[in-house]
Amino acid sequence: MKRNIVKIDEEKCNGCGLCVPACAEGAIQIINGKAKLIADNLCDGLGACLGDCPQDAITIEQREADTFDEQAVAASQAVVKAPVHGGGCPSAQAMKLAPPKTVVAQADISPSQLGNWPVQLKLVPPSAPFLAEADLLLAADCVPFAYPDFHQKFLVGKTLLIGCPKLDDVEAYVEKLTAILVQNNIKGLTVLHMEVPCCNGLLSLARQALAASGKDITFESVIIGIKGDVK
């Protein structure tokens, strides 16, 4: 029969996995780094997953498809499978990384370049004095832990805002960042995010906020590898 059913554009999909928990029927899984509709009869075609895709890779189409089967959904949900990489997102894959064997002497440690507090985007009011004439650095939570020289390489002269696009409220972040850009004469915005797919959400929300603000400022994106290299 012909009915509404989810369609996933694999070229747009970055494998972030946000659509997986959004689909209550379990019709979507991350396979080889891409979201896949695993069975037509598990998809009710209502599109609850659409709003959770930061890449707009999910749409609803009408095509020939098996009838939605609630019994098949129940049977599928009863099967407990070990996740390949924590919740369907490649960023949660367990890895053991080898730190460098050399240790920097205490006297050689560079001083902190942090010039504002708080740094969590959710806690920073748009009217904070340190935002006036600021050169913003929007960094993913994991970046300072992955990149060994974060302060000297990226933080010098910057006002820091941090957040996690996977675990935090992205819509609230877009609104907050938009308000910051609108209410302050921001000089520039640098987005510093990890190479894992879900971290692309930070770049996406920054672009949304910049577009919504109507401001024309310097914008830069920098990707950090999980082993501490600049991509």
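Leu137 stands opposite Leu160 in β6, and β5 and β6 pair in the parallel sense over five bridges, where two strands count as paired if DSSP finds at least two bridges between them. Helices (H or I, at least four residues) and strands (E, at least two) are DSSP runs, numbered from the N terminus. The model is predicted, with local features needing pLDDT of at least 70 and side-chain atom pairs counting only at pLDDT 80 or more, while totals for chains, interfaces and linings use all residues. Residues are numbered from 1 along each chain as its sequence is written, and side-chain values use heavy atoms, leaving out hydrogens and water.

Four strands form an open sheet with parallel pairing, in the order β6-β5-β7-β8. Its edge strands, β6 and β8, each pair on one side only, and the twist averages 20 degrees from one strand to the next.

Helix α6 lies across β5, β6, β7 and β8 and runs at about 160 degrees to β7; axes are lines fitted to C-alpha atoms, for helices over the stretch in contact, with angles from 0 to 180 degrees between N-to-C directions. Among the buried residues of α6 are Leu202, Leu205 and Leu210, buried meaning under 20% relative accessible area (1.4 Å probe, protein chains only). The buried residues of α6 pack against the elements tabulated here, contact meaning heavy atoms within 4.5 Å.

| Element | Residues |
|---|---|
| β5 | residues 135–140 |
| β6 | residues 159–163 |
| α5 | residues 170–183 |
| β7 | residues 188–194 |
| β8 | residues 218–224 |

After α6 comes Gly214, whose phi is positive, near 75 degrees.

How values were computed. Buried means under 20% relative accessible area, exposed over 50%, partly exposed in between (1.4 Å probe, protein chains only).
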